[in-house]
Structure formats: structure tokens, C-alpha cells
Amino acid sequence: MTATAVPAPTRRDLLIVATLAAASVLVVLPHLTGDPGFFMDDWRNLARLETVGWLRAAEASRFASRPGAWAVETVLYTVLRDHAVAWVLALAALNAAAATALVVCLRRFTSETVALVTVLVWIVLPNHTSLRTFPNVAPMVVGLTLLAIGITLMDSRRLVLGSVAVALGGFCLEVMLL
């Protein structure tokens, strides 16, 4: 099997990515002036970071069950700590990356319009992986991004690389493997 060539992004593709990024940022703007939006899990992770160090910022049990989630949380909590604005911007960037990966993936199986509308609805409507100020969902967004990238790669006949991306997504959130 030969891999299908991936065409260079067109001006329209760049406009779509810019639109998704702008939508991802717009929905978090109100949170930049509000409270940090941290929940119990976030405060626990921040407390562990301060008391036992950066390698234990994420729950130790998560390393065994979801090592990808553990890695994402360890890096993000260590770098961003309790800086609410940094978290909101980082989560907006993660959501923009996920939105872009989802549009690219969905466009392979449906029309561009359906793909774009589906992802814009995903950005605008609150759901478990798009709660923009809940840092503990960052691994789920990373997992979703990797799943969409993996499916796109596999559909391009890059089966090994696509399988690796899907597996890494599963390390972030095991439901990706179902």
C-alpha cells in the first residue's frame, strides 16, 4: 500500500483553522475576567505540586491507568501552576488544536460544511471535553486530538502511525479505545 499524499493547505484551509482558533478563544474570553474556575481535582493537584513536587502533581494512580493523562497533567500543572489566565489560554489553544484535528478528520468522511458546523457546535456548546476553565479535562482534549489525528492518518493509509496516535490518545482517556 502506498500512502495518500496530503495536499498542502490552501488559503481556505488556513481560513478554517483561523476561524476555529478564533471561536476557541472567543468562548473563553469571559473566563479571563472571572475566577480561575478550578475544581476540587485541580486544587488537589496544585496542593500535591506544592507539597511533594512536580512528579507527583497528577494523581499517582493515574500513572497506572492513564499514563498519557498523567503526563499531560504533570507538565501543565508544573508549568502553569495556579495562574488562571495561563490555564484559560492553554485550554483555548488545546481546544483549537482539537477543533482543527476534528475538522480535518470529519472532512474526510462528510462535506466540509457539515464538518465545520459540527465542530463549531462542539466549540460553542459546553461538554465534558470543552469545559474551558476546568484544567483537569486537558488530558481528554489531548486524547480527542490524538484520536482525530490517528483516524485521519489511518484513512490516509498510514496505519502504523495512525495506530500509534490512537493508542496515545487512549493513554490519555481509555474511552478512546472503545
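Mentor: Before we start, buried means under 20% relative accessible area, exposed over 50%, and partly exposed in between, with a 1.4 Å probe and protein chains only. The model is predicted, so local features need pLDDT of at least 70 and side-chain atom pairs count only at pLDDT 80 or more, while totals for chains, interfaces and linings use all residues. Residues are numbered from 1 along each chain as its sequence is written, and side-chain values use heavy atoms, leaving out hydrogens and water.

Trainee: Is Glu 73 buried or exposed?

Mentor: Glu 73 is found in helix α4, residues 67–80; helices are DSSP runs of H or I, at least four residues, numbered from the N terminus. Contact means heavy atoms within 4.5 Å, and beyond its neighbours within four places in sequence Glu 73 is in contact with residues including Asn 45, Arg 62 and Asn 136. With a relative accessible area of 2%, Glu 73 is buried.

Trainee: How are α5 and α6 oriented to each other?

Mentor: Axes are lines fitted to C-alpha atoms, for helices over the stretch in contact, and angles run from 0 to 180 degrees between N-to-C directions. The axes of α5 and α6 come within 8 Å and cross at roughly 155°. Angles over 145 degrees count as roughly antiparallel, under 35 as roughly parallel, 65 to 115 as roughly perpendicular and the rest as oblique. That makes α5 and α6 roughly antiparallel.

Trainee: How many charged residues are in the contact of α7 with α8?

Mentor: Helix α8 covers residues 159–172, and its axis lies 7 Å from that of α7 at an angle of about 165°. Among the residues that meet are Leu 146 and Gly 150 in α7, and Val 166 and Gly 169 in α8. Ala, Val, Leu, Ile, Met, Phe, Trp, Tyr, Cys and Pro count as nonpolar, Asp, Glu, Lys and Arg as charged, and the others, Gly among them, as polar. The contact of α7 with α8 has 14 nonpolar residues, 5 polar and, for charged, none.

Note on methods
Helix = DSSP H or I, 4+ residues; strand = E, 2+ residues; numbered from the N terminus.
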